[in-house]
Each structure stands twice: as C-alpha cells, then as structure tokens.
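The following exercises concern a single protein chain. Each task is followed by a solution in steps.

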Amino acid sequence: MVKIFAMLFVAGIVLLLASDWLGASDQKTKAESAPTFYKDVVPILQNKCQSCHRSGEAAPMALVSYEETRPWAATIAAAVEMKMMPPWFADPRYGRFSDDPSLSAEEIATISAWQKAGAPAGDLREAPAPRIWDGGWNIPQPDLVVKMPKAVQIPGSGEVEYTYEIAATHFTEDKWVQMVEVRPSSAAHVHHAVVYIRPPDSTWLRHAPVGEPFTASMLTDPEERRQAHETTSDLLLVYAPGSAPDRWGDGMAKFVPAGSDLVFQMHYTTNGEAASDETSVGLVFAKSTPKQRVITLQLNNHALMIPPGADDFRVEVQGTLPNDATLLSLFPHMHLRGKRFEYDIVHDDGSVEPLLRVNYHFHWQLSYKLAEPRELKAGTRLRAVAWYDNSKNNPHNPDPEKLVTWGDQTSQEMMVGFFDVAVPAGVDKWKYFIRGGEATGRQQ
C-alpha cells in the first residue's frame, strides 16, 4: 500500500511539473505571438500619430522611439479603443475625406494586444526606417518660409486682442502655391491663425505698421479699426490645432500676386504661462501654371444670439454659388459653446443632402478634405448649421447665464463655415462673384 501511495505521489509531481511546463510554454507562445513595438506598432504611429506626436509639435508627448512610447502604452490603448485618438469628429455616415486619420479595427486591435502583452519592444531589426520630417514640416521642405518679422509677447493670463502682423513677400513675379503649412513657435497659445494674401493694389490696413505686431485698437483711423475684422482679401490658409496643411492636387494652387504681403491674424489664448510666438508659414510652389485656382469662401452668421442656459441652440446660414466651382474641403469654426456643425446642399425640391456632420471639439478644429472633389453648378445652395450648448452642463462654458453674441474672444461665439473651391485659374474672388451671390442667415 505504501508503495502504491509513493507511486501516485510521484505521478502527481510529474503531472504538476508537466502542467507548469505547459503553462509556461503557453505563456511563452503567447508572448512570442503578441504584437511588438518595432514590428507592429511603430508603423501605425508613423502613419497616423507622429505628425503631432514628435518633438516640437503641439502634442504633449513624443511617440517616436520605444523609450518615449512605452510609458504611455496604457493611455494610448485606452485612447484608440475609445476612438479619441487620432482626433476625428466627422459622422462616418456622411462623406468620405482624404485626411481622415482614423485607425482601422485591425490597427486598434494591434495596439490593444500590444499593451495587454506588456508592451514588448521586439526586434529593432524589424522596425521600418524612421519617418523623415523635413525641418519639422509636415509638407516637403518649403521653397520659401515667411516668418512674422517680430515675435509677439503673450501674457500669462487674461484675454489677448486679435494680433496682426504684416510680412512683405518681396515677390517680383506672380506665384502659385500648391502646398502651405502654418507653424506657430508657441502652439499652446494659438487658438487659431488666419494668413491673408494682400495684393499690392489692396487698400486694406494700408496705414498699419509693416513688420510690427499690432491690434485693431491701436489703429488711429476708426474705419481701419473696423476693417481689421472685415476684408475681402483671399485666405492663404486657416490654421487651428490639429488642422492639416493644405496640399492641392495637380493642376490646382492658390495665387499670390507679385508684390503681395501676407497678413497674419493671430488669436492667442493664455494658459498661465507667459510666452512669445513668431509664427511661420511654409510655401511649396507649383512647378507649372495650374489650370485651376483655389479660393477660400465662407458661410457665416454674425447675428447669432444664444440665450442663457440654451443647451441645443441652432443657428443657420445659406448661400448660393454664383458660378460653377469644384468643392474641395470644409473647415467649421466655433468657440467654447460649439456643439455640432453641419454642411448641406439644399436642392430645388427642398431636400437636403448632408456633406459633413461634425461633433464639434473646441480643442481640435480640423479641416475635412473631400476624398473626391464635388462639382457644383452655379445656383447650388449651400447651407451651414451650427448648434451651441450654453448650459451649465457644458464643462467648457465660461458663463451659462450670459446672452452670447458674435465676438473674437473665446468667451464670445463665432459661426463660420469655411470651404475651399477650385475655379478657372483666371478667376479671382471678385470675378467669381460677378453675378452677385447672396446669403441669408436664420437662427431658431
């Protein structure tokens, strides 16, 4: 009997050891089959994340090397699983956009599995070549960089009036710009920036200083103070954190006449730390004269009045295209009470065709570039609709008891639906509106 017990005891030990060995082997197999940083994760980061998550960019951490990325593995996995990152706010039911950075289900699963496996590094030899950024630019190395001539000093607190700075291009010949990117030196303080093209024959801000920062209130002429916020000059680019550079297709470009100036309109916000900013704009010129000129138009409603406590207040504006055009991209702009934004085509029979619906995010104001440009005929009626949350349930709302009207500061509101169209190269904005497009605004 003792001998039988001894044999059973030994058999049990053998089974236990075998079980432990099989378990360890199974864990080893799972670890070996788990995604690794160098083979599986870094290609996703290069394609979808590093444009913002690298040294010198607006994102709070770099995700280039394994050493930089590993401490953030759990945060990254949670953000991509909830589809908070990469930021993208378009309703997928409406439109397709070439600049959509959203991760595929497979990419999300890869990052999640990598994090759950302990975020293994893997074999460095399996990593793709590092992505090269031309001097930090997200476009190819610019043919020309135009910088604000003088840095702007930003206080640590309070509201900052819109700041302007005029930079001469010294162009001796007309230029066609196919790619353009705005790069603030202090991105954390730039709510948005608009770079205007001021042709040599324009009277806009002609008495304002060149090469020096100024605000509208500093101008001595009352008419020029008013005109600082109202111009028919074409836009080179609208920038906000998270927005992509403009890259126009072959045969399309923006036109900058010889002798033009670039006017930087900067909206700075304070964050508790004083800083200085000297924003630059990089230009890549077209290799030949394009067939189409890109111009930026907008639908806006300056008459908005958002009642205190309103949690879903609707503001609308419509406009009719005076001539044929090719719709290229859409860029909605609101402030802290912005909730949703929509662009539509309103057909003659009254039916509405949504082009874009966005769940608006103040800190990520993105452009939405159509995957397939849309040909629009003269007479096409475009509509922009915005919804605002002026209630106490909006965590960004500075004052839910305030009647909110149009204004520059983030404590006020805006309703602007920028959109880019391509027209024949010989047509400027004035010629495009030769038939007199009219716009009407409504709110309810």
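**Exercise 1. Determine what share of the chain is buried, and describe its overall build.**

Solution. Of the 444 residues in the protein chain, 49% are buried, where buried means under 20% relative accessible area, exposed over 50%, and partly exposed in between (1.4 Å probe, protein chains only). The model is predicted: local features need pLDDT of at least 70, side-chain atom pairs count only at pLDDT 80 or more, and totals for chains, interfaces and linings use all residues. Residues are numbered from 1 along each chain as its sequence is written, and side-chain values use heavy atoms, with hydrogens and water left out.

Next, the secondary structure comprises seven helices and 22 strands; these are DSSP runs numbered from the N terminus (helices: H or I, at least four residues; strands: E, at least two). The C-alpha trace spans about 110 × 50 × 45 Å along its principal axes. Finally, among contacts with a separation of 6 or more, 83% join residues 24 or more positions apart, a contact being heavy atoms within 4.5 Å.

**Exercise 2. State where the confidence of the model is below 50.**

Solution. Begin with the whole chain: the mean pLDDT (the predictor's confidence in each residue, from 0 to 100) is 87, and 90% of the residues reach 70 or more. Over residues 1-29, however, pLDDT is below 50, and this stretch has zero contacts in the model beyond near neighbours in sequence. Residues 436-444 also have pLDDT under 50, yet the model gives them 27 contacts beyond four places in sequence.

**Exercise 3. Characterise the surroundings of His53.**

Solution. First, locate the residue: His53 belongs to the loop between helix 2 (37-48) and helix 3 (66-69). Second, classify it: His53 counts as buried because its relative accessibility is 14%. Third, list its partners: apart from neighbours within four places in sequence, His53 contacts Ala59, Pro60, Met61, Ala62, Leu63 and Val64. Of these, Met61 places its backbone oxygen 2.9 Å from a polar atom of the His53 side chain.

**Exercise 4. Identify the residue whose side chain forms a polar contact with that of Ser112.**

Solution. Ser112 lies in helix 5 (residues 105-116). With a relative accessible area of 10%, Ser112 is therefore buried. Not counting residues up to four places away in sequence, Ser112 touches Ala77 and Glu81.

Conventions
Polar contact = N/O pair within 3.5 Å; in protein donor to acceptor, adjacent residues only side chain to side chain.
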